[in-house]
Amino acid sequence: MSFDKETFAANLRAARARLGISQSEFAKRAGVSTDAIVKYESGNGYIPGADKIFAICQVGHIAPNELLGWK
């Protein structure tokens with residue numbers, strides 16, 4: 001399985017939208033910078049580490065496989 005930035009970005013945006021919170025609030029809850037969330041959601045960011053992916057999943061109430069678009 002490979003990391004697809006566009007799929008990750010779309011799934012992150014959708015998870016945040018379901019919560020109805022800003023990028024800065026999501027970042028604060030996940031313990032990452034707002035800049036990181038902005039870049040992740042744009043598909044232009046670096047590939048996040050496992051710790052960041054799990055933090056995002058916890059905040060977004062989404063399974064890692066779903067976030068990454070893996071079946």
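These questions and answers walk through a predicted model. Local features need pLDDT of at least 70, side-chain atom pairs count only at pLDDT 80 or more, and totals for chains, interfaces and linings use all residues. Residues are numbered from 1 along each chain as its sequence is written, and side-chain values use heavy atoms, without hydrogens and water.

Me: At what angle do helix H2 and helix H4 pack?
Reply: Helices are DSSP runs (H or I, at least four residues), numbered from the N terminus. H2 covers residues 23-30 and H4 covers residues 50-60. Their axes, lines fitted to C-alpha atoms over the stretch in contact, lie 9 Å apart. On the 0 to 180 degrees scale between N-to-C directions, the angle is about 115°.

Me: Which residues of H4 does H2 meet?
Reply: Contact means heavy atoms within 4.5 Å. From H2 come Phe26, Arg29 and Ala30. In H4 they meet Ala55, Ile56, Val59 and Gly60.

Me: Is Val32 buried or exposed?
Reply: Val32 sits in the loop between H2 and H3. Beyond four places in sequence, Val32 touches Ala27, Ile37 and Lys52. Buried means under 20% relative accessible area, exposed over 50%, partly exposed in between (1.4 Å probe, protein chains only). Val32 has 11% relative accessibility, so Val32 counts as buried.

Methods
Helix = DSSP H or I, 4+ residues; strand = E, 2+ residues; numbered from the N terminus.
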